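Open the model in your viewer and keep the selection tool at hand. Each stop below says what to select and what is there.

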Amino acid sequence: MSTRTVKVDYLARVEGEGAVTVKIKNDKVTDVKLRIFEPPRFFEAFLRGRKYSEAPDITARICGICPIAYQMSSVHAMERIFGLQLTGQLRALRRLIYCGEWIESHVLHAYMLHAPDFLGYQDAIAMAADYPQVVKNGLKLKKVGNEIVTLLGGREIHPINVRVGGFYKVPSKREMDALGAKLREVRPIAEEFVRFAASLPFPAFEKDYEFVCLSHPDEYPFNEGRMVSSKGLDIDVSEYEMHLIEEHVKHSTALHAYRRGHGPYHVGPLARYNLEYAKLTPAVHALAKEVGLQPPVNNPFKSIVVRALETLYAVDEALRIIDQYEPPTKPAADYTVRAGTGWGVSEAPRGSLYHRYTVDSDGVILDAHISPPTAQNMKTIEDDLWHFAETALDLPDDQLTWQCEQAIRNYDPCISCSVHFLKLEVVRE
Amino acid sequence: MPAERKPKLAVWKFASCDGCQLSLLDCEDELLDVAGAVEIAYFPEATRAVVRGPYDVSLVEGSITTPHDAKRIADVRKQSKFLVTIGACATAGGIQALRNFKDVEEFTSYVYATPGFIETLDKSTPIADHVFVDFQLRGCPVNKYQLVEVLSAYLNGRRPNTPPHSVCIECKRRGVTCVMVAQGTPCLGPVTHAGCGALCPSYNRGCYGCFGPMETPNTASLAAWWNERLGAADADIVRAFRGFNAYAEPFRKESEAYEHANSQG
């Protein structure tokens, strides 16, 4: 019996630090461990004693890739405490800034971090030598996503313009029209990328997942709705912690999540697409049909196509909001600070992000709890590796290792975000 | 004649949010040019490929918070001709340096169900506390144009041009009305290092100090102004200086002065 050890010291093209060990004995996978060694930063601990108004600025620093998600979940949780619900243009502007983050983050992941795997390149720069137009188009599209965030947020990373109640300053009609013109220019790139992504070679791998996401009655979800799943979960966000549980495991500084009485679950683009497909636009439906990717999609490798479709949705949704824009009279709604507990869930590009805060009557934070999407997916990623590695055991070590890495990248894992780096190791005994 | 060797660039991560290194990937117009001018030898966020050191320029993101990282930064220094820290974590310890003012054991047990699994130092410290740093680029996050300027400077053998004056100067140059004088909004602009382009004041809010202290900041005078003229409570002043650059010395001292006053009062 042959014994092989395959080892990679650092999982690349993910955000943050982690490692994976896949143990194989007699052509059977005997153990899989996804280890996170991103050093702990203790956000929840030092949020105590800070003002409610600082939460969006502080929690943005959990993740430089999806700061808007942190800002959105935190402001919605605070507004729930103060009994404030935004309507009209301020609510629409929050969807718009989120469209910007989805475009920027999905394009970064799909074009620059994930596509090279399918085509056998080490990175997007190497891929650019053979696919110059694809990479250049990706950068162009990503740039417009960043421009949305910059106009509404002040800068693309850790924006400064989001606050409880709305914004510090709102854009002028002219600025929005100029942004709309740029979006119209790159829209064909977003369409073309769906076709490109759908033409990539996909490993035949499917699993029966429990998909979980936010669900709004009329809209593809960003900031509001109930938590639903493909296996019967349907709860208010305040009931989140009663159903979706986190467990601290020894090999990781992140926490593993499961649904009480069920098991691990899957958040992110695939979950939203499978559960909320009906709320996408006719243009997205038509393209999904053209490339033959309608729900249910149970192959996580196809998440790259779903990201491309969600990017197109975000472009169209941004255009809808821009076309209907009238500057609101005030940049933020009024509210009165009061003591209480509030919950907020929003759909980060990589899945549902939950925040809970308790504040006192001066708005000082007494207690904070944050559950990032990558932490929720961690157990599902381990399970995928377990099953996927078994289907790919005849591959040489370097290929097997690469494909396991690719299987992890299906989740666009943001390990900094799971409050917490990757090292991949396949051990054959 | 052999082709001239391209300088080797490495990007390293310690405790951080990945935002500063993402700034490099956010240079959509410059990225392919940068990739043409240097050999990207080590940049795990962007590539699987690893080229062995030594490296001509190392960009270091993040602060030192674990015994393992304290050893790793020494190794990075040995392999690097120029070591440049990027961002508030690497330059000042970052937001995670808020633990430095508290009991890290209590923090660990608050966040993790099984604190015994967690290995951490009791302080989050800047890179310069551990190894010699050639240049520090400020910001939470760094300004991507300043990042390209720093790379360009090192590739061309000159010092980077990143002015050390305050955000106030940037406001004046942009013609932004002073939010503190005109609206009575507390602002850290007078003591904060330039680089953002007076972003917050241009959005009608006070600067929250994400670029850290300017050269020779008069924090005591600013804090007194906030206190006496704007009615800021001691606790508000402590929180203001205890942000993304809390452990940078001028900010740390000022927050400690007011925390002390608070506990007396």
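Select H4(A) and H11(A), residues 88-119 and 303-323 of chain A. Helices here are DSSP runs of H or I with at least four residues, strands are E runs of at least two, and both are numbered from the N terminus. How do the two helices pack? Their angle is about 150° and their axes lie 9 Å apart. The axes are lines fitted to C-alpha atoms over the stretch in contact, with angles from 0 to 180 degrees between N-to-C directions. H4(A) and H11(A) are therefore roughly antiparallel; that label needs an angle over 145, while under 35 counts as roughly parallel, 65 to 115 as roughly perpendicular and the rest as oblique. The crossing is left-handed: the near helix is turned anticlockwise from the far one by less than a right angle.

This is a predicted model: local features need pLDDT of at least 70 and side-chain atom pairs count only at pLDDT 80 or more, while totals for chains, interfaces and linings use all residues. Residues are numbered from 1 along each chain as its sequence is written, and chains are lettered from A and ligands numbered from 1 in the order in which they are written.

Now show the residues where the helices meet. On H4(A), pick among others Leu96(A), Trp102(A), Ile103(A) and His106(A). On H11(A), the partners include Arg307(A), Ala308(A), Thr311(A) and Ala314(A). Contact means C-beta atoms, placed from the backbone, within 7 Å.

Next, select Leu309(A). Leaving out residues up to four places away in sequence, Leu309(A) touches Val194(A), Val284(A), Leu287(A) and Ala288(A). Leu309(A) and Val60(B) have the most contacts inside the largest nonpolar core, which has 207 residues. Such a core is a set of buried Ala, Val, Leu, Ile, Met, Phe, Trp, Tyr and Cys residues joined through C-beta atoms within 7 Å. H4(A) gives the most to this core, with 14 residues. Domain 1 (8-155) and domain 2 (167-264) of chain B each supply at least three.

Color by chain. Which residues pair up across the chains? In chain A, 45 residues are in contact with 48 of chain B. H6(A), residues 132-153, gives the most to the chain A side, with 4 residues.

Stay on chain B and color domain 1 and domain 2. Their bounds come from an automatic or database domain assignment. The C-alpha centres of the two domains lie 26 Å apart. 14 residues of domain 1 are in contact with 12 of domain 2. Helix H4 (residues 88-92) of chain B gives the most to the domain 1 side, with 3 residues.

Two cis peptide bonds come next. One joins Pro295(A) and Pro296(A), with omega about 0°. Pro296(A) sits in the loop between H10 (282-290) and H11 of chain A. Another joins Cys140(B) and Pro141(B), with omega about 5°. Pro141(B) is in the loop between strand S5 (135-137) and helix H6 (144-155) of chain B.

Finish on two aspartates. Asp27(A) has a positive phi of about 55°, and Asp18(B) has one of about 75°; neither is a glycine. Buried or exposed? Asp27(A) is exposed, with 11 other C-beta atoms within 10 Å. Asp18(B) has 26 such neighbours inside 10 Å and counts as buried. The cut-offs are 20 or more other C-beta atoms within 10 Å for buried, 12 or fewer for exposed, and partly exposed in between, with C-beta atoms placed from the backbone.

Note on methods:
Contact = placed C-beta atoms within 7 Å.
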